[in-house]
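Reader: I am new to this structure and would like to be guided through it. Could we begin once it is on the screen?
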Amino acid sequence: MSKDDRILLAHGGGGQLSDQLIREVILPRVGEQEGEALGDSACLTVGSEKVCMTTDSYVVKPLFFNGGNIGKLAVCGTVNDLAVAGAEPMALSLGLIIEEGFATSQLETILESIGETARSCGVSIVTGDTKTVDAGAADGIFINTAGIGRLRYPNLGLDKVQVGDRILVSGTLGDHGMTIMSLRKDIRFQSPLCSDCAPLNGLIAELMEAAPNMRFMRDATRGGVAVTLNEIARGSGYGVIIRETDLPVAPTVRAAADMLGFDVLNIANEGKIVCVVPADQAEQALACCRSHDLGQQARLIGEVVCMPEGETPWVEMETKIGGKRLVQMPYGRELPRIC
């Protein structure tokens, strides 16, 4: 990026522009070691114990949506980032930036959701901060959370991925992003859209018992499954092939995406994980997901393949009509402010 460039909304979308901002502008100036893996959580050694730490900020618009609100989203997002790193979430911080004039009743509703969701995950809110800003400066409220957890499953990583591993998704794709966009566009369907916002630490703990040699997990949030699959390909050095006929997509989400011109693979989820599982444990991992309330629509959607020598790792989808197309990393942000 040149010194005359400006930050765009698209830089926060989880795609190519986000990656460019992080690698070219942020990391060189904050002391990150070159080549270090950029996961959603960092692994630290504290005394004799390994812990994971993560942080995230939430600016979703609108603040309230079918299936949750910004408070529930903040807790779930932070808990999930810890859980997919192999950690048992323990505690969260809570930072509130509240706009002057924001209704106290709405703040109370959001805080009640934060408390209820944290308790359901078995985590505590242990510290926090509150700031108020001028009217018009924060779209009502912004939330920052940080979380820590004990590392329970240390063998997850893109370096563990092998040719022949299967790709598992824990449920239907695009529910959260399409729910948010339908509210903004005031689009209504006979079957209402509902965000999949949910804490995944319980499901992940069961999955790790069912598939103890799990290679890698990631919650497919900004940029959707397309970003996660491309991260798997780039980080492992292998290709990924998926099948369009195996993608779990709710009919209403499919209709909304088609109507608005979105690729469902690029749409954010807030309660789904993408897993890379050894082939000999894939079926038990799938059965485990389907026995859990949050994984009943889980599917095996593809596999890891060897790349021809000299080729850059890619993600390819076999289409419904028998063709093939590349699944590329989204460039910017198709759906701004979805989390």
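**Charged pairs and other features**

Author: D159 is exposed, because its relative accessible area is 62%. Please keep in mind that this is a predicted model.

Reader: Which side chain does D159 meet in a salt bridge?

Author: D159 meets the side chain of K160, with 3.4 Å from N to O. K160 is partly exposed, because its relative accessible area is 30%.

Reader: Why can such side chains pair?

Author: Side chains of opposite charge can pair when their charged atoms come close.

Reader: How many salt bridges are there?

Author: The count comes to 13 salt bridges. One of them joins K131 and D129, whose closest N and O atoms are 2.6 Å apart. K131 is partly exposed at 43% relative accessibility, and D129 is partly exposed as well, at 39%.

Reader: What about R215, which residue does it pair with?

Author: R215 forms a salt bridge with D165, and the closest N and O atoms are 3.0 Å apart. This pair links distant parts of the chain, as the two residues are 50 apart. R215 is in the loop between α5 and β9, while D165 is in the loop between β7 and β8.

Reader: Are R215 and D165 buried or exposed?

Author: Both R215 and D165 are buried.

Reader: Which charged residue is buried yet has no salt bridge?

Author: E316 is such a residue: the nearest side chain of opposite charge belongs to K324, 4.0 Å away. E316 lies in strand β13, which covers residues 315–318.

Reader: What does E316 touch?

Author: Beyond residues up to four places away in sequence, E316 touches V240, I241, I242, K324, R325 and L326. K324 is thus on the list of contacts of E316, although E316 has no salt bridge.

Reader: Let us step back. How many helices and strands does the protein chain have?

Author: The protein chain has eight helices and 14 strands. Its radius of gyration is 19 Å, close to the 20 Å given by the globule rule for 339 residues, so the chain is as compact as a globular protein of that length. Its C-alpha atoms fill a box of roughly 60 × 55 × 50 Å along the principal axes.

Reader: What share of the residues is buried?

Author: Buried residues make up 51% of the 339 residues. The chain exposes about 16000 Å², and carbon and sulfur atoms supply 49% of that area.

Reader: And how far apart in sequence are the residues that touch?

Author: Among contacts between residues at least 6 apart in sequence, 83% join residues at least 24 apart.

Reader: Could you show me a buried residue in a helix? Where is I114, for instance?

Author: I114 is in helix α3, residues 104–121. I114 counts as buried because its relative accessible area is 3%, and buried means under 20%. Leaving aside neighbours within four places in sequence, I114 is in contact with G71, V75, L94, I125 and I143. The C-alpha atoms of I114 and L73 are separated by 8.4 Å, and these two residues are 41 apart along the chain.

Reader: Now a strand, please. Where does T54 lie, and what is it in contact with?

Author: T54 lies in strand β2, residues 49–58. T54 is buried, with a relative accessible area of 4%. Apart from neighbours within four places in sequence, its contacts include D40, S41, T78 and T145. T54 and D40 are 14 residues apart along the chain, and their C-alpha atoms are separated by 6.5 Å.

Reader: Turning to the surface, which residues form a nonpolar patch?

Author: L44, V46, M53 and I148 form a nonpolar patch, with about 330 Å² of accessible area together. I148 is in strand β7, residues 141–151, and counts as partly exposed at 38% relative accessibility.

Reader: Finally, the backbone. Which residues does a cis peptide bond join?

Author: A cis peptide bond joins K61 and P62, with omega at about 5°. P62 is found in the loop between β2 and β3.

Reader: And what is the phi of D139?

Author: D139 has a positive phi of about 50°, although D139 is not a glycine. D139 sits in the loop between β6 and β7 and is partly exposed, with a relative accessible area of 36%.

Note on methods. Residues numbered from 1 in each chain as written. Predicted model: local features only at pLDDT ≥ 70, side-chain atom pairs only at ≥ 80, totals over all residues. Heavy atoms only, no water. Patch = residues over 30% accessible without salt bridge, like charges linked within 9 Å, V, L, I, M, F, W, Y side chains within 5 Å. Areas by Shrake-Rupley, 256 points an atom, 1.4 Å probe, with all protein chains shown as cover. Helix = DSSP H or I, 4+ residues; strand = E, 2+ residues; numbered from the N terminus. Buried < 20%, exposed > 50% of the residue type's maximum accessible area, 1.4 Å probe, protein only. Rg over C-alpha atoms; globule rule 2.2 N^0.38 Å. Contact = heavy atoms within 4.5 Å. Lys, Arg positive; Asp, Glu negative; His and termini not counted.
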